[in-house]
Amino acid sequence: HLTGDIHAVGVANNLLAAAIDARLFHEKTQSDEALFKRLCPARKNGTQFFAKSMHRRLEKLGITERDPALLTPEERSAFARLDIDDDKITWRRVVDMNDR
């Protein structure tokens, strides 16, 4: 029914807003290296790797290296940060008046 669909859209919007808020917070409070280590955690043997889904972002950034250990600090920073300008981008949350 229609009200359920509209509720789902509102929930999806708020989920994206929370993800953006969390990303802004972490980029403001964490170092480049800390962000990078969370994106590419070490295996039990200590090596890091890029998941297949990360290869597309690397290509968009013009990074051809596929071994995280061989990236320069500038490449690590570019990969780890989205650099969303919170003064220019806003994402409003939805308040459903029928949510009780």
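This report describes the nonpolar core of a predicted model and the aromatic pairs within the structure.

The chain has an average pLDDT of 90, and 91% of its residues score at least 70.

The largest nonpolar core consists of ten residues, namely Leu35, Phe36, Cys40, Phe50, Met54, Leu58, Ile63, Leu71, Phe79 and Ala80. The elements that contribute two or more residues to this core are helix H2 (32-39), helix H3 (52-60) and helix H4 (73-80).

A search of the whole structure finds three aromatic pairs, and the table sets out two of them, both of which involve Phe79.

| Pair | Centre to centre | Angle between planes | Geometry |
|---|---|---|---|
| Phe36 and Phe79 | 6.0 Å | 75° | edge-to-face |
| Phe50 and Phe79 | 5.2 Å | 65° | edge-to-face |

The assignment of Phe36 and Phe79 as edge-to-face follows from the angle of 75° between their planes, because planes over 60 degrees apart are counted in that class. This pair links distant parts of the chain, since Phe36 belongs to helix H2 and Phe79 to helix H4, 43 residues apart. The other tabulated pair joins Phe50, which lies in the loop between H2 and H3, to Phe79 in helix H4, and so ties together parts that are 29 residues apart in sequence. Phe36 and Phe79 are buried, and Phe50 is buried as well; Phe36, Phe50 and Phe79 form one aromatic cluster.

How are the buried residues of H4 arranged when seen down the axis of the helix? These residues are Arg76, Ser77, Phe79 and Ala80, and they fall within an arc of 165°, so they line one face of the helix. In general, an α-helix has 3.6 residues a turn, so residues three or four places apart point the same way.

Lys60, which lies in helix H3, is exposed, with a relative accessible area of 66%, whereas Phe79 is buried. The C-alpha atoms of Lys60 and Phe79 are separated by 9.8 Å, and the two residues are 19 residues apart along the chain.

Definitions and conventions. Residues are numbered from 1 along each chain as its sequence is written. This is a predicted model: local features need pLDDT of at least 70, side-chain atom pairs count only at pLDDT 80 or more; totals for chains, interfaces and linings use all residues. Side-chain values use heavy atoms; hydrogens and water are left out. A nonpolar core is a set of buried Ala, Val, Leu, Ile, Met, Phe, Trp, Tyr and Cys residues joined through side-chain atoms within 4.5 Å. Buried means under 20% relative accessible area, exposed over 50%, partly exposed in between (1.4 Å probe, protein chains only). Helices (H or I, at least four residues) and strands (E, at least two) are DSSP runs, numbered from the N terminus. Rings of Phe, Tyr and Trp (its six-membered ring) pair if their centres lie within 6.5 Å; planes under 30 degrees apart count as stacked, over 60 as edge-to-face and the rest as tilted. The arc is that of the directions from the helix axis to the C-beta atoms. pLDDT is the predictor's confidence in each residue, from 0 to 100.
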